[in-house]
Amino acid sequence: MPVTKSKRKQVNGLIRGVKVLAFGMVLAAMGFIGLLWFARPDTSEVEKRSLTPFPEVTWASFWDGSFFKEVDTWYADTFPLREGLISGSDWLKNHYGLRGDQIVTMGEAQVADEIPADGTETKPEIDITPAEPLEDGTITELGEMQGGIYITNNSAYGLYYFVQSGADTMAATMNKIYADHKDKIDLYVMVAPMSSSVMLDKSVIDDMGCSDERETINYLFDQMDEGIHKVNVVENMRIHNAEYLYFRTDHHWTQLGAYYAYQVFCKEKGIYPKDLKEYTPVEYPGFLGTYYANTKSPALAGNPDTVVTYTPLGTNDMGYIGQDGQYRDWTIITDVTGWAASGLYGAFVGGDRPLSMVHNPNVTDGSAVMVVKDSYGNAFVPWLVDQYEYIYWVDYRYTSNTISQMVEEYNVQDVIFEMQSYNSTSDKAAARYAAIGQ
């Protein structure tokens with residue numbers, strides 16, 4: 001029996017009514033959720049940041065309208081259930097169609113400078129202006145993730161782009177620090193390569209227009225004074241690249257990866273590294289790090305990392321001075337059972353602090369080392385504990401301590417500058433290192 005025109009109109013009207021009702025119910029539900037003041041989050045676990053606080057009311061901001069704009073930003077940024085909504089949105093986007101390898105750009109697209117073939121021919125004289133000393137509680141805006149992220153086979157790799165001006169500035173900075181302190185300390189410089197240069201074939205890196213960090217490190221070290229100890233860890237790590245050296249979902253190396261860097265340091269210093277077999281590994285599964293936070297990739301979410309820790313033999317006790325200037329006792333390797341999936345890298349040395357310290361009672365020769373580090377150093381420092389009696393470390397982004405102060409107060413004989421590849425060719429990072437090198 002044919003459907004009449006009037007019947008068809010009735011059916012279409014009913015369908016439209018259902019759609020309008022459903023849409024209205026969704027709006028009402030979202031409006032109700034938005035009124036749940038107590039359910040508004042103040043931090044984002046997925047994005048690893050603090051969310052916008054409710055703005056302070058002032059006469060000026062009220063009358064010029066900026067207060068209401070800030071309220072709009074706060075309302076949107078702290079909406080209840082935002083983490084689930086963001087994850088759901090990203091899930092939908094990632095299921096629009098089949099995807100193979102991905103390149104996720106971080107900020108503006110970058111073009112690498114050409115790495116000079118022989119860095120020994122040019123040692124530019126650069127006037128280094130140290131960064132202003134940090135006040136207590138100050139946090140600089142220097143980061144460690146730039147360029148882009150390459151995702152393939154359920155693993156992410158950071159993409160590195162060489163910047164010659166930054167490399168020249170950093171080399172000049174290290175040369176000045178060495179010249180100023182060579183009579184009192186032995187200076188070591190270690191560049192921590194990103195996973196792409198250790199784990200991927202050079203042809204893959206070249207195809208993406210990225211820089212080879214082996215060439216970068218060779219160029220950087222060629223610019224440095226012969227008296228500086230260059231700890232070039234890349235080749236030793238590539239020998240072991242079938243092992244779990246880097247996290248798949250995070251930009252850091254694992255503590256095992258840092259161990260192979262520690263081996264190279266010991267060779268440069270002329271000491272024997274501890275055998276890995278002497279340590280007992282402890283596993284913390286379910287780690288989803290910075291690469292996942294920046295891509296929300298289902299491939300990474302389905303392939304979380306395991307943080308594996310190795311506690312020093314001599315002691316697991318340490319202390320640190322926080323950004324509030326207060327001293328706290330802590331542990332070198334912390335049990336992070338039950339921590340959030342994004343925070344498991346915090347198992348190492350209490351994270352990034354202005355000043356941290358360890359006394360190993362099993363070593364009694366008065367040896368002392370200072371490590372100036374970025375967050376890659378967190379997994380590296382524990383390996384030094386069984387080599388020195390005293391270990392001190394500062395994060396270059398947060399500290400106001402200087403080498404001169406540390407040498408005088410703690411009788412430091414060795415200073416290790418550890419830096420991730422991007423920091424090694426950064427003018428801003430060089431200025432911060434120069435300030436610490438005073």
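In this predicted model, Ser165, Gly166, Thr169, Met170, Thr173, Met174 and Ile177 of helix α5 meet Asp427, Ala429, Ala430, Tyr433 and Ala434 of helix α16. Sorted by class, the residues of this contact come out as seven nonpolar, four polar and one charged. How is a pair of helices like this summed up? Two packed helices are described by the angle between their axes and the distance between the axes. For α5 and α16, the angle is about 10° and the axes sit 8 Å apart. Angles under 35 degrees count as roughly parallel, so α5 and α16 are roughly parallel to each other.

The spacing of the contact residues along α5 is worth a look. An α-helix has 3.6 residues a turn, so residues three or four places apart point the same way. With that in mind, the list for α5 can be read again: among its members are Gly166, Thr169, Met170, Thr173, Met174 and Ile177.

Is α16 mostly covered or mostly open? Helix α16 spans residues 427-436 and is mostly covered, with eight of its ten residues buried. The buried ones are Ala429, Ala430, Ala431, Arg432, Tyr433, Ala434, Ala435 and Ile436. Arg432 is on that list too, even though Arg is classed as charged. And α5 (164-181) isn't the whole story here, as the buried residues of α16 also pack against β13 (368-373), α14 (403-410), β15 (414-420) and α15 (421-424).

Helix α10 covers residues 255-269 and helix α13 covers residues 377-384; their axes come within 8 Å and cross at roughly 55°. That angle makes α10 oblique to α13, and the crossing is right-handed. On the α10 side, the residues involved are Gln255, Ala258, Tyr259, Ala261, Tyr262 and Phe265, and they meet Ala379, Phe380, Pro382, Trp383 and Leu384 on the α13 side. The residues of this contact divide into ten nonpolar, one polar and no charged.

Stepping back to the whole chain, the protein has 16 helices and 15 strands. Of its 438 residues, 49% count as buried.

Take His229, which lies in strand β7 (residues 229-231). His229 and Leu187 are 42 residues apart in sequence, yet their C-alpha atoms are 6.1 Å apart in space. With neighbours within four places in sequence set aside, His229 is in contact with Asp186, Leu187, Tyr188, Val189 and Glu268. Another histidine, His240, is found in the loop between α9 (234-239) and α10. His240 is buried, with a relative accessible area of 18%, because anything under 20% gets that label. Leaving out neighbours within four places, His240 touches Leu245 and Tyr260. His240 and Met199 are 41 residues apart in sequence and 9.4 Å apart from C-alpha to C-alpha.

Pro41 is found in the loop between α1 (5-34) and β1 (43-44). Is Pro41 buried or partly exposed? With a relative accessible area of 25%, Pro41 is partly exposed. Pro41 and Pro53 are twelve residues apart in sequence, with 9.8 Å between their C-alpha atoms.

Lys296 counts as buried at 14% relative accessibility. Val349 isn't a glycine either, but has a positive phi of about 50°. Val349 is in the loop between β11 (327-331) and β12 (355-359), and is buried with a relative accessible area of 0%.

Finally, the cysteines. A disulfide is a covalent bond between the sulfur atoms of two cysteines. How many disulfides does the model have? With a pair of cysteine sulfur atoms needing to be within 2.5 Å, the count comes to zero. Cys210 counts as buried at 10% relative accessibility, and Cys266 is buried as well, with a relative accessible area of 0%.

How values were computed: Residues are numbered from 1 along each chain as its sequence is written. This is a predicted model: local features need pLDDT of at least 70, side-chain atom pairs count only at pLDDT 80 or more; totals for chains, interfaces and linings use all residues. Side-chain values use heavy atoms; hydrogens and water are left out. Axes are lines fitted to C-alpha atoms, for helices over the stretch in contact, and angles run from 0 to 180 degrees between N-to-C directions. Helices (H or I, at least four residues) and strands (E, at least two) are DSSP runs, numbered from the N terminus. Angles under 35 degrees count as roughly parallel, over 145 as roughly antiparallel, 65 to 115 as roughly perpendicular and the rest as oblique. A crossing is left-handed if the near helix is turned anticlockwise from the far one by less than a right angle, and right-handed if clockwise. Contact means heavy atoms within 4.5 Å. Buried means under 20% relative accessible area, exposed over 50%, partly exposed in between (1.4 Å probe, protein chains only).
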